[in-house]
Structure formats: structure tokens, C-alpha cells
Amino acid sequence: MKTNADHSSASDEQLVKAAKDGDMAAFEELVARHRDKIYARAFSMMRNEDEALDLSQEAWVKSWQRLKQFQGDSSFGTWMTRIVINLCLDQLRKRKRQRTESIEEMSEETGGVERQMPVVITNPTEGLERIELRKRIDKAMEQLSHEHRTVLMLHEFEEMEYKEIAKTMNCSIGTVMSRLFYARRKMAALLVNLKTEDVK
């Protein structure tokens, strides 16, 4: 029987093989190696610590359940990234549907959404300019489609290459490049508009 020390020096490929044979300790070693990155990817998409934690944990459960389907066509890290991103995209689509229904209901009941929005309070002593910049970027990112936001996030913030993004998103490299082009152009326009709105 292998020990945890054996697992710490094993490659991901060796750990996957052992985990497929039912070695839970090998799978736990994979989790220990990749959990921070998987959580970071979930957080960069969801922008919410609790949701990112829930979705990254769900991704690990799914990966254990589907491990026998993993053929090693990509690295284990890429495969895990694909799982967590798909879960995040599903959650974002669900949230968007709920928001649309909620806004429609509020408009019918109250005649306006603006008064229902929560008041955002910031601490002016903690890097106000940086907080404002992040808000502008977050606001602009929220206005992108799921596909554009994901490709932009993976390329600009996760520094993934086109080929890796294409595998993660199950599309061609050409589609990745096209989405990235339009996502950047839209972000630039949105950030200019947000800056103009602040000046008024």
C-alpha cells in the first residue's frame, strides 16, 4: 500500500491512475495540489467567496465521480478548470435568469428598479481609487456576455493560452480569438462610458 509520502512525489498522471483504482489518498493529493487554483478560477468568475467555495467543492465532487472518464487528453489541471468553469457558467446563467425575472416582477410591482437596489458603502480610507477602479471593471465585466467575460478572464487574469482556453471552453482557437477581440473592444467602450458617467 502506498503512503502519503509516496503520493507527494508522484506526478499528476500517476495520482490520477491510482485514484481511478480507488486510492482516495491519491485523489486527496490532487486536491491539495490544485484546490487553490480551482478556487481562484471560481472566484474570478463569480466574484463571491461563498459561491466560489461552493462551486469549487462541487467541482471536486464531480471530478471524483467522473474520474474514470478522464482520458488524459489534457492535463489534470486543465480538466479540472473546465469542470469548475462549466459549473460557474451554469450558475451565472441561472443567476441571470433569476435576475431578469426579479427585475420584471419589481418593475411590475413598484414601477422602478433603482429604488430597490442596495446602497453600496465604501470606506474612503482604504485605497478609494483602487476600489473605484475595481468597481468600474466589475461593472463593465458584468455587462459582457458569459462567453466574452470568460474568455477575457481566462486570458487576461488567468494568463491562459488560446489553445488552453479553446479546450476549456470546448470551442476553436479562432472562436477564442474572435471572442477576445470583441470582449476587449466592448470593455474599452464600457470603461470609457463609465468614466464619462462619473465626470457628469
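Apart from its neighbours within four places in sequence, arginine 41 is in contact with Thr81, Val84, Met153, Leu154, Glu158 and Met160, where contact means heavy atoms within 4.5 Å. The model is a predicted one, in which local features need pLDDT of at least 70, side-chain atom pairs count only at pLDDT 80 or more, and totals for chains, interfaces and linings use all residues. Residues are numbered from 1 along each chain as its sequence is written, and side-chain values use heavy atoms, with hydrogens and water left out.

Arginine 41 lies in helix α3, which covers residues 24-46, and phenylalanine 157 belongs to helix α7, which covers residues 146-157; helices are DSSP runs of H or I with at least four residues, strands are runs of E with at least two, and both are numbered from the N terminus. Arginine 41 counts as buried because its relative accessible area is 2%, whereas phenylalanine 157 is partly exposed because its relative accessibility is 47% (buried means under 20%, exposed over 50%, and partly exposed in between, with a 1.4 Å probe and protein chains only). Although 116 residues separate phenylalanine 157 and arginine 41 in sequence, their C-alpha atoms are 9.3 Å apart in space. With neighbours within four places in sequence again left aside, phenylalanine 157 is in contact with Arg47, Met141 and Leu152.

The chain as a whole has nine helices and zero strands, and 34% of its 200 residues count as buried. Among contacts in the chain with a separation of 6 or more, 59% are between residues 24 or more positions apart.
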